[in-house]
Amino acid sequence: MAYTKRIDGRKFNETRKMEAKVNIIKNADGSALFRFGDTIAIAAVYGPKPLHPQHLRNPEKGLLRCNYDMISFSVSERKRPGPTRRSQEISKVSEWALTPIVELEKYPNTVIDVHIIVLQANASTRCAGINAAALALANAGIPMKQLVSSVSVGKIDKKVVVDLIKEEEDYREGEGSTDIPLAFLSKSGEISLLQLDGKIRPKELDEAIKIGREASKEVYEIQKRALKAVGEEK
Amino acid sequence: MKISDLMKKRIQEFLDEEKRFDNRKLLEFRKIEIETGVSKNAEGSARVKIGDTEVIAGVKIDVTEPYTDHEDEGTLMVVAELLPLSSPHFEPGPPRIEAIELARIVDRGLRESGFIDFKKLCVKKGEKVFGVCVDIYSINNDGNLIDASCLAAVSALKTARMPKYDTKLERIKYGELTSKGLPLTKNLPLTITFHKIGEKILIDPSSEEEETSEGRISFALSRNPGKKEDIVINAIQKGNPKTFEEKEIFEIAELAVEKFKELEKRIKTKEK
């Protein structure tokens, strides 16, 4: 059967309800929460601070270091605490997704640590994590020319959809499920995260990225609003 | 960094004129050699050379418990080790992110293409299934380990023989292979990795070019079952902080399909 209606009733190009909040962890230099429906990620930024060990220091620019992980009860089958191959890879791609926006040359010899924790998972966790991390970096007052907004797109059977939920990721009928996490720089529109799993033709990929770009603009609006809200509180 | 800025500058200048140090075109592979059956104790194995890059892959098969969400399917594990003997820049110790990422790209290509028919690897639903382990080792790194590794993994899987299974003891009798191969489909996956240096896009970089590269994007592709002319992308991985424009990604996706066909042909002639 063709995928004509989404499992949770959303439109094909509709994201789940999003929520963003900054300044949620007092100890951190910057912090934020980002939510796509039932997927909740928080991020905290510590730094810039002197990088240890010293031989890793770069006198030309600072280092952005990401660490992504999920808490054990964020998923239905308990995730064993500690890093996995998956979490290490996601840490790295998140780092690559965020590095282009940070003006690291302003902080030679230092490191900016970004910790991303998934509190509750229902797919698109790396996207929620990156969105939270971008907000946390801005909240920490790190100079940036633009933000990063991340969203997942996918193809369920033959239909291109935005912001997949777990049940859609696991869809196995027809052409099955293809999952494509994406991140766009908010001003230049360049792509800083692109991964893919599944089965898709180049033309459909084209369409998916275009739809993803539109959805990322909505993410950006939510992020902007969250950053503004902090100013108003004070 | 490991190579000098001067070297990087020179590579860039060459590329701006569409030239490479070894006279190749930007979208040209080096010589590819595939040798199978390189290990007596593996169920399947292969050695792949792309230019001076060399990797070996071995397949070991055991019996294991299935995953709870795929009770009637065999399992797959891909692990890569970047051996210190293969490059002055690799260090001993547990796999680092480079090795983990490489293995996961190959893993996703193999898995998403449906190259292995996992349902046929079920021994007893919910209890016992065959587990396929593909281990990849770098022997000499001169760039493009990802594409070499995928090719080696696929070649090793193609030549793998199922081990004998003792139904009474519910154990594998190692050292005794049957004449039966792994249940494979025709959706053979291959990766093509593109690099961006300045504004130029190239494939199959030497290690110098790889170190100069700012952006990397790997595609794993295969032919869609049923419709042979339909080539699908099974996995993409963008590496490094350098961003890509939407337009570039579309262009690279089209190129990936072309290069996939070419690589497929080259492998076929290797097999006679």
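Predicted model: local features only at pLDDT ≥ 70, side-chain atom pairs only at ≥ 80, totals over all residues.
1. Make-up of chain A. The chain holds four helices and nine strands. Read from the N terminus, the order of these elements is β-β-β-β-α-β-α-β-β-α-β-β-α.

2. Overall dimensions. Along the principal axes, the C-alpha atoms of chain A fill a box of roughly 60 × 40 × 35 Å. The radius of gyration of chain A is 18 Å, and this agrees with a compact globule because one of 234 residues would have a value near 17 Å.

3. Interior and contacts. Of the 234 residues in chain A, 52% are buried. Among contacts in chain A with a separation of 6 or more, 71% are between residues 24 or more positions apart.

4. Contact between the chains. On one side are 26 residues of chain B, and on the other 24 residues of chain A. Three elements of chain B give two or more residues each to its side: α2 (97-113), β12 (231-239) and α5 (246-271). The most come from β12(B), which gives eight residues.

5. Which strand of chain A is joined to β12(B)? The partner is β9 (residues 191-200) of chain A, which runs antiparallel to β12(B) and is linked to that strand by four bridges. Within this topic, one position can be looked up directly: Gln195(A) stands opposite Gln237(B) in β12(B).

Conventions
Residues numbered from 1 in each chain as written. Chains lettered and ligands numbered in written order. Contact = placed C-beta atoms within 7 Å. Pairing = 2+ DSSP bridges. Rg over C-alpha atoms; globule rule 2.2 N^0.38 Å. Buried ≥ 20, exposed ≤ 12 C-beta atoms within 10 Å, placed from the backbone.
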